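Here are my notes on this model. Please read them with the structure open.

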Amino acid sequence: MWNTGLSMQRKLEYSSDVEGGAPVRVRWAISGRMNLPTYLDFVVERAQWLGLAGWVAANDDQTVSLAVAGPEALVGALEMACTLGPLDALIDEVRPMGEPD
């Protein structure tokens, strides 16, 4: 289960490209004009729907930090969803920050 601002751990087994490819772990910094509570809920809903593990949090500078793990194709789908955002958001950048600690 995802919670905003809290670390989530979930073990999943991925055995073929049909399930989304090799497991990856990434971290992104997201900036733009957004209602933070709405955007965080949006990210959590999409990540849960895709079956991904991770965490998302709002930062003091009105940006969002996101760490996610799962099949490469599904993590890419979440990146696209984060770039598009909910209807009330205008996302400027989803910047990779490397692998989560």
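1. Ser65 sits in strand 3. Keep in mind that the model is predicted. With a relative accessibility of 16%, Ser65 is buried, because the cut-off for buried is under 20%. Its side chain has a polar partner: the side chain of Asn59, at 2.9 Å. Beyond four places in sequence, Ser65 touches Trp28, Trp55, Val56, Ala57 and Asn59.

2. Thr63 belongs to the loop between strand 2 (53-58) and strand 3 (64-71). Thr63 is also buried, at 18% relative accessible area. The side chains of Thr63 and Asp61 make a polar contact of 2.6 Å. Setting aside neighbours within four places in sequence, the contacts of Thr63 are Ile30, Ser31, Leu36, Ala57 and Ala58.

3. Helix 2 covers residues 72-84, 13 residues in number. At 1.5 Å a residue, the helix should span 18 Å. The end C-alpha atoms of helix 2 lie 19 Å apart, which agrees.

4. Which residues of helix 2 are buried? They are Val75, Leu78, Ala81 and Cys82. These residues cover an arc of only 115° around the axis, so they lie on the same side of helix 2. Met80 and Leu84 are exposed, on the face turned away from that buried side.

5. What covers the buried residues of helix 2? The cover includes strand 1 (23-33), helix 1 (36-50), strand 3 and strand 4 (90-96).

6. Check the residue after the helix as well. Gly85 follows helix 2 and has a positive phi, near 65°.

Notes:
Residues numbered from 1 in each chain as written. Predicted model: local features only at pLDDT ≥ 70, side-chain atom pairs only at ≥ 80, totals over all residues. Heavy atoms only, no water. Helix = DSSP H or I, 4+ residues; strand = E, 2+ residues; numbered from the N terminus. Buried < 20%, exposed > 50% of the residue type's maximum accessible area, 1.4 Å probe, protein only. Polar contact = N/O pair within 3.5 Å; in protein donor to acceptor, adjacent residues only side chain to side chain. Contact = heavy atoms within 4.5 Å. Expected span 1.5 Å × (residues − 1). Arc of directions from axis to C-beta.
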